[in-house]
Each structure stands twice: as C-alpha cells, then as structure tokens.
Amino acid sequence: MLPPGQVDWEVELVAVIGRHGHRVSREQAWDYVAGLSVGQDISERVLQLSGAPAQFSLGKSYPGFAPIGPVVVTPDELLDKDDLELGCSINGEQVQKGRTSEMVFSVPELVSRLSAVTPLLPGDVIFTGTPAGVGLGRSPQRFLAAGDGCTVTSSVSARCAIGFVA
C-alpha cells in the first residue's frame with residue numbers, strides 16, 4: 001500500500017559489502033564488495049522535500065520501500081562490473097534506462113568515500129544512484145498510483161529483477 005504523497009521510483013545498482021572496511025582506497029574497493037544486485041529506491045517526495053533541510057532519508061523509510069534482489073551476484077561473475085545496464089518500467093512502459101558506467105560516482109568511488117567517513121560492515125548495502133527518468137524530473141511530473149506495476153531490471157543477472165504492484 002502506498003503512503004500518501006508523491007511516491008516515485010528510482011532503479012539503482014546495489015553493492016553488498018562483504019568485509020569490514022574503513023578508509024578503503026578506490027583501487028582496493030572492489031575487494032570489499034561481496035556482490036551486486038538491483039534495488040528500487042522508492043521515495044515519497046512530499047515528505048522527502050519538506051523541511052529545511054530536506055528529509056531525504058525519511059522519505060525513503062516507509063515499510064516495504066527499498067526492495068532488493070532477489071539475487072546477489074559476485075563481481076567475478078560479471079564480464080564488466082563497471083558497466084551494467086539498469087532499467088525500470090511502470091505498467092510495461094520503460095521509464096528509466098541507463099548504465100552504471102554513466103553514473104556520477106562508480107562503485108569503487110562510493111565505497112572509498114563512504115568508508116572514509118564510517119566503517120563499512122559485512123552485509124551493509126549501498127544504493128549507488130539512479131539514471132534519468134524518475135517521476136519528479138518528468139514534465140509533467142508522474143508518480144506511482146495504487147495498482148501500478150513497477151519492474152526493475154539489471155544486466156547483473158537475468159534472475160536479478162524486482163516486480164511489485166503499488
């Protein structure tokens with residue numbers, strides 16, 4: 001069930017941390033990643049953008065938000081772990097399509113930057129960012145409605161896809 005407001009979609013690559021890391025260099029970052037999956041970083045935009053400063057995390061914290069999976073693939077299983085396709089469809093219409101090679105920050109950069117501030121622990125997950133096409137950025141804006149079907153996919157694995165009905 002959707003909360004009130006403007007519920008938006010954000011397909012993202014998800015990196016799962018496999019070992020303790022603090023102050024990890026970019027060059028060693030992949031050694032700390034146990035696997036990759038796909039996630040849907042659902043965001044309720046009214047709450048997320050309210051207040052000063054905006055409540056970015058709170059708007060992503062409703063029950064059922066941030067589904068991941070259903071599988072995790074180890075980086076060594078991938079031909080090019082730095083160039084994976086991500087996609088999101090709403091009711092069969094593709095609304096997002098992008099590649100991780102086009103992201104602002106790569107997985108190694110994110111692991112390095114995050115671990116410079118806080119230790120990363122086995123089982124931690126990092127949502128890595130989303131390609132263009134979220135509802136907030138559309139003209140006119142578009143958000144999930146009750147009964148909408150949302151499917152996210154990734155070239156991480158054919159088994160790595162999430163589908164749900166809002």
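**Figure 1. A salt bridge between D8 and R45.** A salt bridge is counted here where a side-chain nitrogen of Lys or Arg lies within 4 Å of a carboxyl oxygen of Asp or Glu. In this predicted model, the side chains of D8 and R45 meet that description, with 2.9 Å from N to O. The pair links distant parts of the chain, since D8 belongs to strand 1 (residues 7-8) and R45 to helix 1 (residues 45-48), 37 residues apart. Both D8 and R45 are buried.

**Figure 2. A salt bridge between D83 and R99.** The side chains of D83 and R99 meet in a salt bridge, at 2.9 Å from N to O. Because D83 lies in the loop between helix 1 and strand 5, whereas R99 lies in strand 6 (residues 93-99), the pair ties together parts that are 16 residues apart in sequence. D83 is partly exposed, with a relative accessible area of 24%, and R99, at 30% relative accessibility, also counts as partly exposed.

Figure 3. The side chains of E109 and R113 meet in a salt bridge at 2.7 Å, N to O. Both residues lie in helix 2 (residues 107-117), where they are 4 residues apart, or about one turn of the helix. R113 counts as partly exposed, at 47% relative accessibility. Elsewhere in the model, salt bridges that share partners join D8, E10, D41, R45 and K60 into one network, and this network includes the D8 and R45 of Figure 1.

**Figure 4. The largest nonpolar core.** The largest nonpolar core has 33 residues, and those with the most contacts inside it are L36, C88 and V111. The elements that give two or more residues to this core are strand 2 (11-17), strand 3 (33-40), strand 5, helix 2 and strand 8, and of these strand 2 gives the most, with 4 residues. C88 lies in strand 5 and counts as buried, because its relative accessibility is 1% and buried means under 20%. From C-alpha to C-alpha, C88 and A166 are 14 Å apart in space, while in sequence they are 78 residues apart.

**Figure 5. Strand 8 and its pairing with strand 5.** In a regular strand the side chains alternate between the two faces of the sheet. Strand 8 pairs with strand 5 (residues 85-90) in the antiparallel sense, over 5 bridges. Within this pairing, I90 stands opposite C150 of strand 8.

**Figure 6. The largest pocket.** The largest pocket has a volume of about 160 Å³. It is lined by 14 residues, of which E102, M103, V104, G129 and T130 are the closest to its centre. Sorted by class, the lining of this pocket has 7 nonpolar residues, 5 polar residues and 2 charged residues.

Notes: Residues numbered from 1 in each chain as written. Predicted model: local features only at pLDDT ≥ 70, side-chain atom pairs only at ≥ 80, totals over all residues. Heavy atoms only, no water. 1 Å grid on protein atoms, 1.4 Å probe; cavity = no way out; pocket = protein on both sides within 12 Å on 5 of 7 lines; lining within 4 Å. Points joined across faces, edges and corners; volume = space filled by probe spheres on them. Nonpolar A, V, L, I, M, F, W, Y, C, P; charged D, E, K, R; others polar. Pairing = 2+ DSSP bridges. Buried < 20%, exposed > 50% of the residue type's maximum accessible area, 1.4 Å probe, protein only. Core = buried A, V, L, I, M, F, W, Y, C linked by side-chain atoms within 4.5 Å.
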